[in-house]
Amino acid sequence: MKTLNSMATRRTPPPIAHISDNLLEVKNLTVDFISASKAPVRAVEEVSFVIPRERTVALVGESGSGKSVSALAIMGLLPSQNAKVALHSAIEYDGRSLLNLTRPEWQLIRGSRIAMIFQDPMTSLNPVYTVGYQLAEMLRIHKRVGGQEALSRARDLLEEVGIPEPQKRVHAYPHELSGGQQQRVMIAMALACEPELLIADEPTTALDVTVQRQIMQLLAELRERRRMAMLFITHDLGLVSEVADHAVVMRKGTVREAGPVKSIFSAPQDPYTKALLSCRPSAERQGKRLLTIDDWMSAQPSSGLVHQNFDKSDASAAFNTDQGSPMHASEHALLEVQNLRKVFKRSGNWFKRDDFVAVEDVSFKLQRGQTVGLVGESGSGKTTVGLCLLRLHEATAGKVLFEGQNLLDMSTQAFAKYKRRLQIVFQNPYASLNPRFTVGEILSEPMQLHGIGAGNADWEKRSLALLDKVGMPASALKRYPFEFSGGQRQRIAIARSLSLSPEVVILDEAVSALDVSVQAQVLNLLKDLQKDLGLSYLFISHDLEVVRYMSDTLLVMNKGQVVEQGDALRIYAQPQHSYTQTLLAAVPKVQHAMGV
Amino acid sequence: MDPIAAQWESAQKAVKPSGDKVNALATSLPMGSDKWGRDVLSKTIKGAETSILVGLAAALMATVLGSVLGAVSGWYGGIVDDLSNWLYNVFHSIPGILLILAIAAVLNTKGTMAVVIILGTTGWTGTYRLMRGEYLKHRHRDYVRAADAIGASNNRRMFVHILPNVSHVILVQFSLLTVSCIKAEVILSFLGFGVPVDGVSWGTMLTEAQNDLLVGIWWQLLAATLAMSIFVTALSLLTDSLRDALDPKVIH
């Protein structure tokens, strides 16, 4: 079978570097998923890379790129019934092949020599045992240490990963810890047996940016101190430039580009890498159309895309000239929110109510054709604000004036008329479309309910026009939501909100669940629609870069309160409040000069 | 109306006590006869009429009752939910048989329809609990919120948006309830509330089979059980394929 190697290498880029002491070598990894009913799906094709000792290698790619499958193959965790690794593939760990190990042999390696951290700490920890017990269990199994000693070592580990009061926290249950602390516990578990290689699969994706920053620092410190090698899997190029020495860019199961991080960022060779680097909204791209993957993949080298060589001075000029945007001048706003307050009633015990103030005193104005950005971390109350505006949550106090009419104190019947004019797009396109409705039904239902158009034929015609507007083919009409990808579903959700020709659209984390390249397409679409239809957006997101790219004015929320409010560019350039400053500093930024 | 009525009548006329086991099997009947010499095969076929009617009608009544109550209480919550929960607890805390007897005593009528009503009004609790849970879960889903945002009414959201998404629960409950209703009819018939003594159902056959077994006649029990299992299997297959047919994700 070795002869196949020579045949196959022709398609793969050369391995990253020739460092003699490689801890792990992956050669021509090819994985097929077989199912009874369908043709086999090739998840990973001819992937090769090496992980040198005490270095960090990043696997970068969007969903479906095969990065997680590669990691699972290294850990021997692929489902054996339907995942098939090609015979010519090789994974060598310390000179030893990992592909044909028996179960007992794996147990000596997994956990103790190679450890893994998963994306979501909530689901990786067992909720019915204390974290100390779960840590001690690792030590008992792999290190064969007794109960008391295991527990004291568990305490030391918790201390090492920066958990405050480890002697107390060792007895805490997972739900008593915050998301960041849970991820620290997961890291402690991975470290328990002093592995030589740590595989981190999107370890910070489920966390807020400020917590992400702390976890990344912790991982970098630990890698240094424990002299481990790390395989860091992520979709976020900013993070890669901060932690990794080498990067492997993957797309659709193949390696597009591999090399030292510095050269990948300063002189990317592959159009896909270039596209990934340029489709994120950032300061330099304010007011410009985002380039999508398609733009890059179809672009000829040295074509009209050279203008992407952004000049920093260009952007700073935009910062300084406060163009005196119309929103400050105009008095009558389309939508005005005054002192909005939302309290969730939670019954504590008999004597004391344990109420939770989700939103406290939020006020802002939204002008026609403008965008107000609402940014904050999870639990900041930003989504609650959006839901209160549409009366999907009942606000406790405050006013929402739409053309001077208070939406919150009118009757349900009176408000029904306004539902046409205010619409919302939700975060998760997988949850916001009824799985039992066809796309045609989804799009025509709002018109049916509001008596727009006449009869099935007319609704169908209008639905087709909507699909066209959001860049979807007419054939989508008769199909069900599950047949579409995340980006396409979000387009359908946007089309549904547009079916009533609204004036205000609330975008609640509307692009957060999407891959960066798809995100760019949807952001472009939203900008185009705003221009064509004169829409006003309330853009809610945790992602500062995206909000800033979209918004004219910005509200920064923390724990239910607006901590800073004003012109988006001004806040980004000169944040006044300490929380805004922390938030801005926590955003991972590409560290190397970009050569895109 | 009844395609086998004439046959049934002639078979009834031919009844004479055979007394011993040898006679019962020696007849030319494919499944033998019972203690009294009646053809077990035609009894089973005639019994299907009552049993399937009771099973399906009672299960339908119980599922509809449970689903609607569960949907309403899960969707509205608050006082509506409290009241339905009290009702549920009352029905659920009384032992099943006792409740059936109590309602039978209150109704004070006999016959197939009475059995259907009794089983329908006592059997809804399980479905209610499941549906309430599903509605509690689904009412905060984004697609339901989205339906609210486009102006769909409460009823529309409950029954047009959510119901198809939880229909699998109803179908499974329905097929399970049908089985338990057929079995419950046995008890009612045995206690004299159900099918009249001269009527035939799989339930009465099972009751008779108890006595028959003592004299070694086991085929009546076999026939009734066989008929029940074939029917139940067929019903499960039907509800399973109905579930698949209603699910857009399954490629037809």
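Biologist: Which pattern does chain B follow, read along the sequence?

Modeller: This is a predicted model. Along the sequence, chain B reads α-α-α-α-α-α-α-α-α-α-α. The count is eleven helices and zero strands.

Biologist: What percentage of the residues of chain B count as buried?

Modeller: Burial is judged by neighbour count: a buried residue has 20 or more other C-beta atoms within 10 Å of its own. In chain B, 38% of the 252 residues count as buried.

Biologist: Among contacts in chain B between residues at least 6 apart in sequence, what percentage join residues at least 24 apart?

Modeller: The figure for chain B is 68%.

Biologist: How do the axes of helix H3 and helix H7 of chain B cross?

Modeller: A helix pair is described by axis distance, angle and hand. For H3 (residues 40–76) and H7 (residues 125–138) of chain B, the axes come within 7 Å and cross at roughly 35°. The crossing of H3(B) and H7(B) is right-handed.

Biologist: Which residues in H3(B) and H7(B) meet?

Modeller: On H3(B) they include B:Ala62, B:Gly66, B:Gly70 and B:Gly74; on H7(B), B:Gly126, B:Leu130, B:Arg132 and B:Glu134 are among them. By class, the contact of H3(B) with H7(B) has nine nonpolar, ten polar and three charged residues.

Biologist: How many residues does each chain give to the contact between chain B and chain A?

Modeller: Chain B gives 15 residues and chain A gives 21. On the chain B side, H8 (142–149) and H9 (154–191) each supply at least two residues. H8(B) provides the largest share, six residues. The side of chain B that touches chain A divides into seven nonpolar, three polar and five charged residues.

Terms used
Residues numbered from 1 in each chain as written. Chains lettered and ligands numbered in written order. Predicted model: local features only at pLDDT ≥ 70, side-chain atom pairs only at ≥ 80, totals over all residues. Contact = placed C-beta atoms within 7 Å. Helix = DSSP H or I, 4+ residues; strand = E, 2+ residues; numbered from the N terminus. Nonpolar A, V, L, I, M, F, W, Y, C, P; charged D, E, K, R; others polar. Axes fitted to C-alpha atoms, helices over the stretch in contact; angles between N-to-C directions. Left-handed = near helix turned anticlockwise from the far one by under 90°. Buried ≥ 20, exposed ≤ 12 C-beta atoms within 10 Å, placed from the backbone.
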